[in-house]
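Biologist: I'd like to learn how to read a structure like this one. Could you walk me through some features?

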Amino acid sequence: MNTSSCIGISTMKPCCRIWIGYRISSIFGGSHVKSSNSGKNNLLKSHSKLVHHCCYSNVKCQEMGYCKSMAGTGRRDFCVSDSSWGQSAVLAKNSFRIDKGSRKRGVLVIPRVGSDIRNHSTLIESHVNEKGFEKIYIQGGLNVKPLVIEKIETSYENVVKEEENRVEVNGATVDLGILKDLNENVTAEREASEIEKEAWKLLRDSVVSYCGNPVGTVAANDPADKQPLNYDQVFIRDFVPSAFAFLLNGEHVIVKNFLLHTLQLQSWEKTVDCYSPGQGLMPASFKVRTVPLDGSDGAFEEILDPDFGESAIGRVAPVDSGLWWIILLRAYGKITGDYALQERVDVQTGIRLILNLCLADGFDMFPSLLVTDGSCMIDRRMGIHGHPLEIQALFYAALRCSREMLIVNDGTKDLVAAINNRLSALSFHVREYYWVDMKKINEIYRYKTEEYSADAINKFNIYPDQIPSWLVDWIPEEGGYLIGNLESGHMDFRFFTLGNLWAIVSSLGTPKQNEGILNLIEAKWDDLVAHMPLKICYPALEYEEWRIITGGDPKNTPWSYHNGGSWPTLLWQFTLACIKMGRPELAQKAVALAEQRLSVDKWPEYYDTRSGRFIGKQSRLNQTWTIAGFLASKMLLENPEKASLLFWEEDYELLEICVCALSKTGRKKCSRSAARSQNHV
């Protein structure tokens with residue numbers, strides 16, 4: 001069914017509510033929607049809080065895909081109706097079907113979100129798909145010039161490639177037409193295992209709907225949890241493995257909805273003690289809330305309430321959310337073939353705003369991003385402030401994604417040049433100064449200190465006594481890794497798994513370094529995997545070091561949670577890295593290990609102890625990214641050709657433009673041979 005939508009983007013803050021009056025009795029019948037009269041009297045009430053709104057009354061709506069709204073003059077809503085999600089819950093019926101009818105409550109309505117950032121969105125490129133943009137014009141009002149896009153196609157029928165009429169279900173190619181007929185006798189070549197069926201059921205049970213359409217998955221869905229805290233919210237970083245699982249299974253709509261909704265949330269102003277963060281910041285999470293309408297009898301509205309860190313533990317803004325969003329946007333295009341989404345004006349603007357935030361000039365002399373503790377997956381104090389590897393690897397991946405997706409014209413050519421320069425400088429910096437193996441550790445052991453000159457070998461004044469005693473016996477003869485952090489006078493020698501895996505996936509490391517990282521994981525399997533893949537970091541902070549660095553954090557006790565705990569969600573990223581490096585047997589070994597325990601243990605968030613034998617002492621059960629990470633790993637191993645769409649190979653052109661060396665005469669460009677030599681570090 002061809003469907004379309006309308007989007008309104010404004011440079012002003014929302015000043016009225018958008019009303020949709022209906023409730024749903026069936027998601028597959030015909031429909032007729034009536035406007036809610038109660039909305040008319042409240043249209044001009046201003047908001048005290050910036051939230052998306054979707055409103056309901058006692059009028060029935062029986063079919064997804066049709067809506068009417070009561071709105072003030074000059075305002076538009078963004079109505080998306082796409083039956084693909086309802087279909088996708090049925091398409092995989094033979095292997096893992098979960099009826100989502102009970103979760104469908106209406107059609108998607110996103111009122112335009114007011115923000116000053118949309119004045120950057122007025123570029124209309126010739127590259128933009130003209131079918132998706134039927135009419136674009138500038139609409140005035142209240143001294144602003146909002147961009148209004150009257151019609152944007154959202155049907156996947158216009159973007160799905162011919163070969164995508166057949167989908168992969170559990171490793172076999174299955175005809176969509178047959179599945180649509182719900183033929184009970186059609187079976188895939190390999191039936192889904194019981195644990196996979198359970199995982200898909202739990203994943204779909206975690207789906208969050210907003211105005212009747214899926215927009216994400218909650219962090220955890222444990223019915224026995226009486227204090228969910230923020231685990232009942234949709235986190236950007238947590239949704240990524242869910243998105244990959246859905247994309248690999250041919251279920252695209254939820255990912256598209258998520259990307260568009262979080263994009264709209266990007267521009268909202270949030271404050272901590274009257275201070276607002278920089279433009280372009282993506283929220284850490286959002287929650288769909290249902291609130292009654294003022295002065296209405298039985299009517300209610302749904303709102304999207306984002307958290308930019310103002311409610312988080314430690315009040316730290318998420319640096320990684322925007323990076324994950326860009327990475328997911330690129331993955332969506334690669335897997336679905338829907339590149340029109342990337343070319344939309346609002347999406348292009350969102351990419352630019354994130355990059356402007358990351359590439360802003362500051363006081364730092366390093367090409368790596370300077371961030372504080374708690375700004376990424378490790379969202380508590382763990383001594384990772386400065387230039388943690390995880391952020392640098394995600395930053396590098398996001399830059400490579402952006403370079404692929406940005407439409408190059410007079411308005412973006414400077415940004416593209418800045419991206420190229422930063423990619424070159426960052427790759428050299430990390431490859432040269434973060435890498436350690438037996439040879440490099442021996443060099444550090446013999447460092448001279450207090451060197452002053454451009455020719456200094458010990459550029460960051462690292463004292464040899466910083467080499468920890470555990471590292472001397474732990475580092476294997478063959479292999480190495482990228483250290484966790486580098487600052488003036490400090491090297492954090494801990495092994496952080498996520499950063500090293502994304503260094504492989506994004507080719508931040510050289511081919512030889514990437515191979516060395518997997519060699520180290522294989523050699524130290526008992527330390528990094530043991531009974532449950534994979535350690536978030538190794539080793540744990542213990543004794544007085546733990547008390548000083550974490551502040552005596554009772555959740556990050558040694559070998560628990562972020563402090564050396566084992567996180568099954570890292571499995572899908574490990575699988576992707578292994579497939580890239582031609583080592584799928586390592587991933588298969590880890591997946592088989594996880595498959596033995598995850599279902600029995602009720603899909604915990606993390607595991608404790610050195611070997612990962614105990615379920616984490618405060619671990620949530622039915623943790624969504626544990627479930628999704630397992631499913632994504634299984635599908636990546638079964639479809640390595642799809643995995644190849646999600647990683648990057650070495651880019652030798654970047655090495656040629658690298659301004660990376662200092663000599664007595666000042667800066668000089670790397671020659672091609674010098675740049676290529678970095679691949680043999």
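Biologist: Which residue does the side chain of D305 join in a polar contact?

Modeller: Some ground rules to begin with. This is a predicted model, where local features need pLDDT of at least 70 and side-chain atom pairs count only at pLDDT 80 or more, while totals for chains, interfaces and linings use all residues. Residues are numbered from 1 along each chain as its sequence is written, and side-chain values use heavy atoms, leaving out hydrogens and water.

Modeller: A polar contact is a pair of N or O atoms within 3.5 Å; within protein, one must be able to donate a hydrogen and the other to accept it, and residues adjacent in sequence count only if both atoms are side-chain atoms. Here the side chain of D305 makes such a contact with that of R289, at 3.0 Å. D305 lies in strand 15 (residues 300–307); helices (H or I, at least four residues) and strands (E, at least two) are DSSP runs, numbered from the N terminus.

Biologist: Is D305 buried or exposed?

Modeller: Buried means under 20% relative accessible area, exposed over 50%, and partly exposed in between (1.4 Å probe, protein chains only). D305 counts as buried because its relative accessibility is 7%. C376, at 1%, is buried too, and so is C537, at 0%.

Biologist: How many disulfides are found in the whole structure?

Modeller: A disulfide is a pair of cysteine sulfur atoms within 2.5 Å. The search finds 0 of them.

Biologist: How do I read a sheet?

Modeller: Strands of a sheet pair through backbone hydrogen bonds, either parallel or antiparallel. Two strands count as paired if DSSP finds at least two bridges between them. In this model, 4 strands form an open, antiparallel sheet in the order 16-17-18-19. Strand 17 (residues 480–487) and strand 18 (residues 490–496) share 4 bridges, and I483 stands opposite F495 in strand 18.

Biologist: And how are two packed helices described?

Modeller: By the angle between their axes and the distance between the axes. Axes are lines fitted to C-alpha atoms, for helices over the stretch in contact, and angles run from 0 to 180 degrees between N-to-C directions. Helix 14 (residues 497–506) packs with helix 18 (residues 571–580) at about 35 degrees, their axes 9 Å apart. Contact means heavy atoms within 4.5 Å. Among the residues that meet are L498 and W502 in helix 14, and W572 and F574 in helix 18.
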